[in-house]
Amino acid sequence: MTDQYDAIILGAGGAGLMCAAIAGQRGKRVLVIDHAEAAGKKILISGGGRCNFTNIHTAPDRYLSANKHFMKSALGRYTAADFIALVEQYGIAYHEKALGQLFCDGSARQIVAMLLEECAKGRAEIALGDAITDIAHADAQYRVTFGARTASAPALIIATGGPSIPKMGATGFAYDLARKFGMKVVEPRPALVPLTLGGDETLFRDLSGVSADVIARCGKTAFREAALFTHRGLSGPAILQISSYWRHGQPIGIDFLPSNSADWLVEAKRLKPRATLRSTLASALPDRLAETLSERLALPGDLASQTDKALQAATQRLAAWQFHPNGTEGLAKAEVTLGGISTAELSSQTMESRTSPGLFAIGEAVDVTGWLGGYNFQWAWSSGWAAGQAL
Ligand code: FDA
């Protein structure tokens, strides 16, 4: 027997649950199917268990996509303020950690519980723990077979996310399904991901665990946040952010002294001529990092024995230290996946396919990727809301 619904949503992550809640509360009969045993697993592990659920500075320029205008409509109609209002309605306490990033004071479980409660208000049915074995389309109906059941609806919403962190149940299912219905997929690649160093630069791996406030640059893009040296290369928020803009073969520029002037070392020489480069750097940077950088700058002796020109050149190098990553830590460590279902295939108002009526795609499955800091969940909420309104 086939169960009939108004809409079938594949994926009970942030985007799928939001879409189900909105459509259900608008009176639609909704089924959500997820192969995981629990809904919202990525929400639960996000933000170190406290879920960075949105960013008060959400704006289209904080997203990467082949079409930089695509996200404007959904983000403009369901805003960070709308999601904050929902969180407040549920009495969930939260705080701004840094740079507009909002986290739960308590636990990410509160966000999942809130979304499930919103789904319950809309009488959305959530089927967990069964693999989807077949999807067919005929007579304006999408038929989904999962476990021992078959369900049918005139609308099918792809909300199965991207393939980052496969051990959490993430798959490339959304892309396979989109291709099956003739939709283009923009090449997926890991984003918000640590970078690896090789060659000469493996020496920096000895600094594993050391972090510093830096500006990380790639091309014209720059982020000022913490960078962290790891046993494989570079991580920390500044590096995760810049990784989304990095392509194989490009160098990454690191400004280790973002608060210091270009004449900093020359002034230091006047004030403390007997100080060494290493001790001077250690006044601004962690000790081990100061040691490694001063070894590489190779200016032995005290500052007084250096020319102003040599000190200025050293400052310049410290402000634009070039690293040449040889790769990333891949999808296993990537917080999100860049690329995905091409926005050219979708209406930015409704998220519905332009060529397959009734087929929608939302959340990370779509070629829209946010910066680190709550932007990706905001896209999940906004795109889920937009589709939920259109069903
Ligand atoms: P999501 O991946 O959440 O959900 C997809 C659902 O589809 C899953 O429940 C999955 O089980 C299901 N599914 C997949 N394949 C399937 C198949 N074949 N059959 C059936 N079901 C299938 N973002 C942010 O804004 N703030 C943060 O704090 C963090 N923190 C964070 C930490 C970590 C460790 C990761 C990995 C990611 C984050 N993110 C984040 C990113 C954020 O988690 C991500 O952008 C959203 O969860 C995307 O929501 P979706 O609903 O689109 O996909």
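Reader: How much area do domain 1 and domain 2 bury between them?

Author: This is a predicted model, and its domain assignment gives domain 1 as 2-189 + 337-390 and domain 2 as 195-328. Seven residues of domain 1 are in contact with nine residues of domain 2. Of the area that the two domains bury between them, 52% is on carbon and sulfur atoms, and the total is about 750 Å².

Reader: Which residues of domain 1 lose the most area to domain 2?

Author: The centres of the two domains, taken over C-alpha atoms, are separated by 40 Å. On the side of domain 1, three residues together account for 61% of what that side buries, and they are Arg 189, Trp 371 and Leu 372.

Reader: Which element gives the largest share of the shell around the ligand?

Author: In the shell around the ligand, the elements that give two or more residues are α1 (14-25), α2 (41-45) and α12 (375-390). The largest share among the elements is four residues, and this share comes from α12.

Reader: How many residues of the shell around the ligand are charged?

Author: The ligand is surrounded by 30 residues, and the closest are Asp 34, Asn 52, Thr 171, Glu 364 and Phe 377. When the residues of this shell are divided by kind, twelve are nonpolar and 14 are polar, while the charged ones number four.

Reader: What share of the area that the ligand exposes when taken alone does the protein bury?

Author: A backbone N or O atom of Gly 14 lies 3.1 Å from an oxygen atom of the ligand, and a backbone N or O atom of Glu 364 lies 2.8 Å from an oxygen atom of the ligand. In Glu 335 it is a side-chain N or O atom that lies 3.4 Å from a nitrogen atom of the ligand. Taken alone, the ligand exposes 1000 Å², and the share of this area that the protein buries is 92%.

Note on methods:
Residues numbered from 1 in each chain as written. Predicted model: local features only at pLDDT ≥ 70, side-chain atom pairs only at ≥ 80, totals over all residues. Heavy atoms only, no water. Near = heavy atom within 4 Å. Polar contact = N/O pair within 3.5 Å; in protein donor to acceptor, adjacent residues only side chain to side chain. Areas by Shrake-Rupley, 256 points an atom, 1.4 Å probe, with all protein chains shown as cover. Nonpolar A, V, L, I, M, F, W, Y, C, P; charged D, E, K, R; others polar. Domains from an automatic or database assignment. Contact = heavy atoms within 4.5 Å. Buried area = accessible area lost by both parts, 1.4 Å probe.
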